[in-house]
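Hi everyone, and thanks for coming.

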Amino acid sequence: MMIHEETARLLTWLIPLPPVLAFALIVLFTNRSKWLSHTIGVGAAILSFIGSMLVTVFYAFRVEHFGEHPIESAINWLPTGNTWFRIGVLIDPLGAAVLFFVSITIFMIFLYSVGYQNYGQPAGDHDRAGLPPHGATIEEHGHKHVVPSVEPMYSRFFAFLGLFAFGMYVLVVSDNLLTMFVGWEIMGLCSYLLIGFWYGKPSARNAAVKAFMTTRIGDVFMLLGIAFLYSATGTLTFREIFTEETLHVLASTPAAFGMTASGLIALLLFIGTVGKSAQWPLHVWLPDAMEGPTPVSAMIHAATMVSAGVYAVIRMFPLLTADFTGHGLTTTMSIVAFIGAFTALFAATIAVAQNDIKRVLAYSTISQLGYMIAALGIGAYVAAAFHLITHAFFKALLFLGSGSVIHGMEHGVLHTGNHNVDPQDMFNMGGLRKKMPVTFWTFLIGGFALSGFPLITAGFWSKDEILADAFGHGHWAVFVTLAAAAFLTAFYTMRQITLTFLGEPRTKEAEHAQETPWTMTTPLVVLSVFAIAYGWVGIPEHFPVLGGLVPNWFHDFVGHTLAEVPDAPEFSWIPLLTSLVVALGGLALGWLVYRNVKSVSDDRLQIPLLKNKYYFDEAYDFLFVKPAYWFAETFVYKWMDKGLIDGILHIFGPTTGGIGSAIRNYFDLPVINRFFGDGSADVTYWFGGKLRAIQTGRVQQYLMLALVTFIVIGVALYFFVLA
Amino acid sequence: MSFWNDPLKVAADWLMGILTGWGMPEIAAQILIGFLGILLLISVLMVLDIFLVWVERKVVARFQDRIGPNRLGPFGLIQPFADIIKLMIKEDTTPGGADKVVYNLAPMLSMMSVLILWAVVPLAPTMLGVDLNIGVLYIIAAGAIGTLSIIMAGWASNNKFALIGAFRQVAVMVSFEVPMLATLLIPTILTGSMGTGAIIEKQDIWFFWLAPLGAVIFLIAAIAELGRAPFDMAEGESELVSGYNIEYSGMKFGMFYAGELLHAFTFGGFLAIMFFGGYRFFGLELVSPFLAIAVLLFKAFIGYWLIMWVKYTLLRIRIDHMLAFNWKFLTPLAFVLLMVVALMNALLAGTPTWLYIVGMFLSNVLVAWGALEVARSYSRREREKVEGPKPVVETAQH
Amino acid sequence: MTGEQITFLIVALVTLGSGLMVVTTRNLVHAALWLVATLFGVAVTYALLHASFLAVVQVVVYIGAIAILFIFAVMLTRKDMRDQGPQMNRNWWFGALLAVLTFGGLYFLLQGWTGLSKTAAALPSGFDAVGELGNALVSPDAYVLPFEVASVLLVAALVGAVYVAFNPHSGNSGK
Amino acid sequence: MVPLSWYLIFAAALFSIGLFGVLSRRNAIAILLGVELMLNSVNINLAAFWRYGNVMDMTGQVFAIIVFAVAAAEVAVGLALVISVYRRRNTVVADEIDMMKW
């Protein structure tokens with residue numbers, strides 16, 4: 001079955017709408033009803049999901065030469081001088097692939113949220129809006145239990161999720177940078193709202209502000225890039241920018257810092273991505289963003305926001321490589337590759353020393369995103385897109401799985417009533433595989449995919465492709481860095497799995513953990529299927545034994561987004577062996593080191609430098625935040641405002657006061673008041689007294705008077721003007 | 001063209017020939033012939049009216065388990081003539097303080113408002129007084145004159161009962177004009193014309209099948225317009241002693257009375273014309289105009305009988321209930337129905353005929369059902385306000 | 001003089017005559033009934049102008065509703081049904097003068113207008129004035145907006161009338 | 001044929017009669033009767049101009065219809081006011097309803 005082209009075009013327009021309608025409906029009407037709110041929210045996600053599936057699976061994946069004939073539709077939107085600024089939708093192979101995973105993960109996250117926010121549980125004993133639920137006491141068979149309580153702002157959560165999904169869909173289906181940027185900013189707002197969802201907690205508030213401010217730095221540069229691009233080309237539509245002539249003109253125009261215009265624009269846009277995708281040095285907000293509810297973390301880290309950053313760079317890839325001749329990376333590409341590779345390694349080292357289950361994943365995300373960025377920096381377009389998608393699946397799976405673990409642990413905490421135990425600390429867990437089998441197996445699959453467990457997991461294929469690309473094109477530094485990062489990845493992943501699921505429970509709370517409801521486990525199962533199977537669509541053709549069994553469909557499909565399909569790298573044993581060794585070695589080492597660890601003190605990797613994330617927060621605090629406070633407090637407030645401006649005002653005040661009273665006494669009172677004011681009033685009063693005789697209160701006399709006047713004026717006009 | 005196919009035209013041509021042969025100018029002859037035609041129609045109607053008196057008395061007798069007039073002539077057929085003679089030789093009284101001109105004008109206007117209705121009644125395909133393209137509105141306009149006659153009678157009688165009766169009657173007539181107009185617009189929509197002739201020509205399917213609810217509302221509004229039971233509060237004998245015509249006697253009263261009967265019969269006829277195909281009956285009307293007239297009269301009699309049936313079966317409604325029923329139920333229902341019919345008519349245009357009929361019929365039934373549900377829940381609430389909630393049936397003790 | 005002209009003259013004279021009776025008769029109910037006659041004359045004028053829809057609506061709206069309303073109002077505002085005192089106010093002579101002046105002025109202005117002796121073109125055959133009028137009233141590029149405004153005005157006026165005339169102290173508000 | 005002027009003069013005469021009624025009658029209801037006459041004369045003009053102008057252009061009739069609506073609204077509100085005044089002041093004489101002076 002295949003749908004018609006017109007239908008696909010129309011559907012593409014419609015895909016972003018259900019979530020935003022759901023947002024409006026929930027915010028305006030259904031705030032009171034939890035059932036209605038999540039029905040609307042999930043229903044909207046399903047609608048968008050169905051629309052996306054129709055557009056991708058039933059159209060885009062089946063059309064011959066889809067790259068040359070993408071789904072395109074645009075309308076006139078904004079009059080700009082004599083022309084129109086057009087906005088529209090565009091689904092090319094890259095967009096289709098991204099839309100595919102975005103819609104699946106968004107749908108899964110919506111479904112998961114129903115369970116995560118404890119739908120169906122009683123209201124909490126002392127829950128307040130703005131704080132996480134504390135649990136409710138119920139009586140059952142005579143004894144009291146403490147069970148999880150439902151989130152007080154349940155409806156609001158689904159409303160925000162809906163708006164977030166809207167932003168992501170807008171970003172994916174946009175055919176131009178401006179609406180893409182609009183979606184981008186909507187997501188920025190939503191991430192602020194959702195990270196600060198439990199605004200009663202100061203840490204959540206601070207994290208929300210931090211995330212917002214940090215990404216804002218990137219966004220400002222991105223806006224600069226967009227403005228530069230628009231002034232240089234006069235259009236923001238992708239398909240118009242990525243024509244050969246335009247790119248050529250851009251590539252041959254020199255700009256500042258020894259870069260070409262295309263290079264500078266790409267760099268500016270890339271800084272936006274650095275903020276959004278949490279690359280070094282703007283990575284600091286992402287770990288703090290873990291303060292939000294877990295579906296939000298999954299939303300931000302896997303399905304949407306950080307992917308959006310990478311997606312934007314992939315979108316802008318032709319611009320990035322416009323002046324790339326094939327030998328020697330351009331300045332911009334070098335910067336991109338450096339930042340990506342550095343971030344990948346740097347974040348991985350931090351992840352090794354983290355104890356919070358979600359924070360490990362957060363740094364892992366930063367690291368993996370660095371992978372993709374590095375791949376883009378060295379021109380490995382398809383590999384980056386491939387890793388983006390596989391990573392989205394397994395990272396969403398991991399986040400949702402970690403949420404499930406935390407949820408199970410919270411159950412245990414409520415059971416024992418010991419609220420000092422942090423349900424997110426991995427050293428409080430252990431042995432959960434028996435308590436939460438579904439979560440364990442799916443988490444294991446996700447973890448292996450993340451580490452690149454050979455052959456069966458999707459992560460292996462995508463990561464291997466990046467390494468192969470780096471090796472094949474001779475970027476040794478990048479290759480080595482990424483390989484080291486991959487090793488660390490496997491290591492901390494196994495550390496996490498071992499600490500969380502294997503061994504014996506280390507606390508009473510872990511003993512009383514419980515498996516989560518079906519609304520949470522179903523998404524895990526679905527996503528774990530994709531975490532394995534999605535890798536098979538991108539197996540390189542020259543891979544020993546397996547190569548060619550399944551055609552390398554992904555490379556073929558996504559590669560056609562570009563004008564000339566990039567070549568797949570030559571097969572070589574070195575990167576393959578490298579990735580095998582680092583993956584398996586990392587996993588084995590992780591298991592060996594941590595299988596017998598009983599408490600935090602046994603962990604020898606708790607190095608303060610890593611634990612404190614290389615003191616970046618402190619450094620930024622010292623370098624930027626403190627000076628900003630000082631500037632505001634001492635310089636602007638005390639010196640400028642109080643001293644200078646107030647001082648000047650204090651001179652003006654008495655002077656004008658004196659002038660004013662002089663004018664009042666010698667001009668206003670005698671001339672204006674006496675003469676004009678009272679005088680005109682007296683005259684009017686006198687006339688009024690004379691004229692009031694004709695105001696008899698009798699309607700007919702008024703009418704007669706009006707008629708007489710009318711006749712007199714009419715006659716006068718007729719004789720003196722017309723005649 | 002023979003006399004049997006188009007009697008009126010043949011007769012008119014013949015008369016024309018004779019009159020112009022006498023040297024009369026053509027225009028004068030035309031006017032004269034027109035007057036003669038009107039005279040003929042009115043005479044027929046008056047004779048029919050006399051007959052109606054007998055019908056009414058016979059039917060009410062049967063309803064009340066009596067025999068009715070049976071002494072004069074066969075089946076008492078001569079009885080109405082005796083009545084007329086009695087009315088004519090009665091003293092013609094005029095109350096003191098009455099406004100004489102207005103007082104005498106009222107019964108005439110009353111009769112006239114009924115008679116002019118027949119100008120737009122298509123008796124047969126070729127027999128139609130005036131083919132007004134606004135025939136439907138004309139019916140309402142004639143009703144306005146009837147209203148005027150009633151208020152003139154009530155006011156001129158210089159009698160409080162008469163005035164109160166007139167007020168009530170006028171209030172009812174003015175109010176029920178609204179749903180009547182709305183339902184009259186249904187045939188108009190279905191036909192695309194306001195002309196009565198065109199409406200009949202269009203009824204290959206009786207409009208009753210397309211808008212049964214419209215026919216019912218029209219019937220109710222017509223009964224109220226006539227001021228007959230159950231809407232005869234204006235002349236409630238027990239309190240107003242006959243209402244606006246209390247002071248009238250002799251032939252003047254007779255004119256009100258005859259006017260009312262003929263009015264009822266006329267609305268029976270309009271019911272037939274608007275919703276039951278008028279003179280059409282499986283092609284019978286094409287055979288001969290006289291057959292067409294017979295068909296129309298037969299249908300009108302059925303409508304008239306329906307009105308009588310209602311009158312002699314139902315109890316009188318209080319005046320405020322009557323008006324509330326109209327403004328709060330009948331008028332909104334009529335307008336909703338009008339919109340539904342217009343919508344369905346547009347939606348179902350071009351579909352097969354059976355689907356069209358079924359769709360229209362079902363939509364009407366649906367509207368009727370919804371309206372009755374609303375009315376039912378309202379009446380339940382009203383009842384509970386008075387009586388308190390319905391007691392729950394206690395379960396039997398085991 | 002053609003038949004149409006004779007008809008027009010008769011109708012116009014009757015209408016104007018009853019119009020004069022409206023403004024001069026002492027009995028207000030009679031005045032209202034004379035108004036009915038005037039309105040009927042105007043309806044016939046419409047018919048002469050081939051505006052049949054207007055003619056019928058004139059009868060329905062003016063005679064069926066407005067005139068009846070007047071009679072109601074007259075009866076509601078009279079303590080007894082007799083009239084006392086003069087029906088004209090003290091300045092009636094001045095009002096009459098003004099009316100005559102107005103008529104004179106209008107007549108004078110009409111005299112100076114060239115299009116005055118225009119005669120009507122024959123109606124096109126098959127011309128459906130009612131249908132055209134209906135289209136003009138509801139088609140978006142014609143008069144649907146004024147039409148809707150008029151209906152809103154009517155509703156507002158009726159609501160206002162009910163509110164103004166409603167007597168909260170009388171017993172009919174309660175059940 | 002009847003020339004246009006006849007209709008216009010007829011309407012002008014009716015208008016003046018109505019005006020006289022409005023200016024001279026004491027009874028407020030009678031004043032409203034006069035207003036009705038004036039409105040009708042306007043309508044005659046509208047219909048006449050429709051008939052004697054372009055017949056296909058329905059403006060004249062449309063505005064006559066709108067005048068009908070306005071007249072109905074005017075009568076409803078006017079009579080309601082008269083009845084209300086009558087209830088409060090017990091008079092319908094226009095000259096006696098003269099609170100709104102000075």
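Some housekeeping next. This is a predicted model, where local features need pLDDT of at least 70 and side-chain atom pairs count only at pLDDT 80 or more, while totals for chains, interfaces and linings use all residues. Residues are numbered from 1 along each chain as its sequence is written, and chains are lettered from A and ligands numbered from 1 in the order in which they are written.

Let's stay with chain B. It has 15 helices and 2 strands; helices here are DSSP runs of H or I with at least four residues, strands are runs of E with at least two, and both are numbered from the N terminus. I'll also speak of contacts: two residues are in contact if their C-beta atoms, placed from the backbone, lie within 7 Å. Among the contacts in chain B with a separation of 6 or more, 76% are between residues 24 or more positions apart.

Now find two helices in chain B, α9 (residues 212-226) and α14 (residues 319-347). They pack at an angle of about 150°, and their axes are 10 Å apart. The axes are lines fitted to C-alpha atoms, for helices over the stretch in contact, and the angles run from 0 to 180 degrees between N-to-C directions. Under 35 degrees counts as roughly parallel, over 145 as roughly antiparallel, 65 to 115 as roughly perpendicular, and the rest as oblique. So α9(B) and α14(B) are roughly antiparallel to each other.

Who makes that contact? From α9(B) come B:Leu213, B:Gly214, B:Ile217, B:Ile220 and B:Ala221, and from α14(B) come B:Leu330, B:Leu333, B:Ala334, B:Leu337 and B:Val341. By class, that gives 9 nonpolar, 1 polar and no charged residues. In this scheme Ala, Val, Leu, Ile, Met, Phe, Trp, Tyr, Cys and Pro count as nonpolar, Asp, Glu, Lys and Arg as charged, and the others, Gly among them, as polar.

Over to chain A. Strand β1 (residues 71-80) and strand β2 (residues 83-91) of chain A run antiparallel and are joined by 9 bridges; strands pair if DSSP finds at least two bridges between them. As an example, A:Ile71 has A:Ile91 in β2(A) as its bridge partner. The two strands form a hairpin with 2 residues between them, and A:Gly81 in the turn has a positive phi of about 65°. Is β1(A) well covered or hardly covered? Hardly: of its 10 residues, the count of buried ones is 1.

Our last stop is chain D. Along the sequence it reads α-α-α, with 3 helices and 0 strands. Buried residues make up 63% of its 102 residues. Residues 24 or more positions apart account for 49% of the contacts in chain D with a separation of 6 or more.

Let's zoom in on D:Asn40, in helix α2 of chain D. It is buried, because 29 other C-beta atoms lie within 10 Å. Leaving aside neighbours within four places in sequence, D:Asn40 is in contact with C:Leu39, C:Val42 and D:Leu14. D:Asn40 and D:Phe15 are 25 residues apart in sequence, yet 8.0 Å apart in space, C-alpha to C-alpha.

Helix α3 of chain D holds D:Phe63, which counts as buried because it has 21 C-beta neighbours inside 10 Å. From D:Phe63 to D:Ala47 is 16 residues in sequence and 9.0 Å in space, C-alpha to C-alpha.

Finally, how many residues does the contact between chains D and C take from each? It takes 61 from chain D and 74 from chain C. On the chain D side, α1 (4-24), α2 (28-52) and α3 (59-89) each supply at least two residues, and α3(D) gives the most, with 22 residues. That side of chain D divides into 46 nonpolar, 9 polar and 6 charged residues.

Note on methods: A residue is buried if 20 or more other C-beta atoms lie within 10 Å of its own, exposed if 12 or fewer, and partly exposed in between; C-beta atoms are placed from the backbone.
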